[in-house]
Amino acid sequence: MILKHIFTPLNNSRLSHLCGPTDEHLRTIERELEVRIAHRHEQFKVEGAKAQAQRAMEMLQALYEIAGRPIAASTVQLMLSGDGGADADGPTLSTRRADLKPRSQNQAVYLDNIAEFDITFGIGPAGTGKTYLAVAAAVDALQRSAVQRIVLTRPAVEAGERLGFLPGDLNQKVDPYLRPLYDALYDLMGYDQVHKAFERQQLEIAPLAFMRGRTLNNAFVILDEAQNTTPEQMKMFLTRVGFGTKTVITGDVSQIDLPKTQLSGLVDAERILRRTPGIAITRLTSADIVRHPLVARIVDAYDAARLEDLPRIAIPDPEVELPRVGLPKTRSPKTTSAKAR
């Protein structure tokens, strides 16, 4: 299918921003949607399969609308991760990021579940926004005074390395595990606001082991990297929930760093709680990844390889019926009659 469009009135600056340096944005759209794009000044032609060509043309029109200034390559990639650049319907969150919206239908469902349910599980591969959206919902709840504080936690499990002998006190040893949570907070609140919230004790970040024995009321609690919890740790964490508390558990079951013989608490909790009223489980997939498009391909490739490596179920051979071999006949000894004696 061939689609043609003329961008009028002619604006060379917008056209330059639309195409990107040396037509970089056009090449990205061609590669991801498997179409061909040709243009001469304001006249554009898209050639490819019907659905893909239509989406590519919608992408060009959406990019032209925001082409008043240079367009970052990451913006094009994020728009390709959604449906033609259109954001999914979902709740608007009050954070420092005015453009924060769900970029896929599953992300919109995830945010709706967080708003509706007291406990929400967000399970999916890296890059689907599980942690970021959960932290954004927590920041929004804090700024609306819906909760009094935010508690962020994760299990201190190394991803193949041994960090126990790092220098420093406990906080310095724990910081590497919690860095992704700090990054999300700085992006959504700003550096100064984060440190003021820590001073007012509105923010708390701690390893999962510090949760034992506590009851968390009027808080927004997030357990990140939950695939690295044990079933006992998961049960302990879930029973910390108090009145007026929202709880979000996030994890990726394809990146479990526990010993091979140890069952993941996230896998166990999903199995046990999937029909429990008041608990929502949101499954995110590679289609919801909002990082570089290569991340989705990498996740799909690893998932396919893992399926191939699963052991085949052995079908037992039919039992061979052995021929019946009769035992030799034996005669019972004759009793001697009284006459013969």
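Select F198 to begin: F198 is partly exposed, with a relative accessible area of 26% (buried means under 20%, exposed over 50%, partly exposed in between, using a 1.4 Å probe and protein chains only). You're looking at a predicted model, where local features need pLDDT of at least 70, side-chain atom pairs count only at pLDDT 80 or more, and totals for chains, interfaces and linings use all residues. Residues are numbered from 1 along each chain as its sequence is written, and side-chain values use heavy atoms, with hydrogens and water left out.

Rings of Phe, Tyr and Trp (its six-membered ring) pair if their centres lie within 6.5 Å; planes under 30 degrees apart are stacked, over 60 edge-to-face, and the rest tilted. By that rule there are 5 aromatic pairs. Y182 and F198 make a tilted one, 6.2 Å centre to centre with 35° between the planes. This pair links distant parts of the chain, 16 residues apart: Y182 is in helix α7 (residues 170–189) and F198 in helix α8 (residues 191–199). Here, helices are DSSP runs (H or I, at least four residues), strands likewise (E, at least two), numbered from the N terminus.

Next, select Y186 and Y191 too: ring pairs join them with Y182 and F198 into a cluster.

Last stop, R14 and Y64. The charged end of R14 sits over the ring of Y64, 5.7 Å from its centre (the rule: NZ of Lys or CZ of Arg within 6 Å of the ring centre and within 35 degrees of the ring normal).
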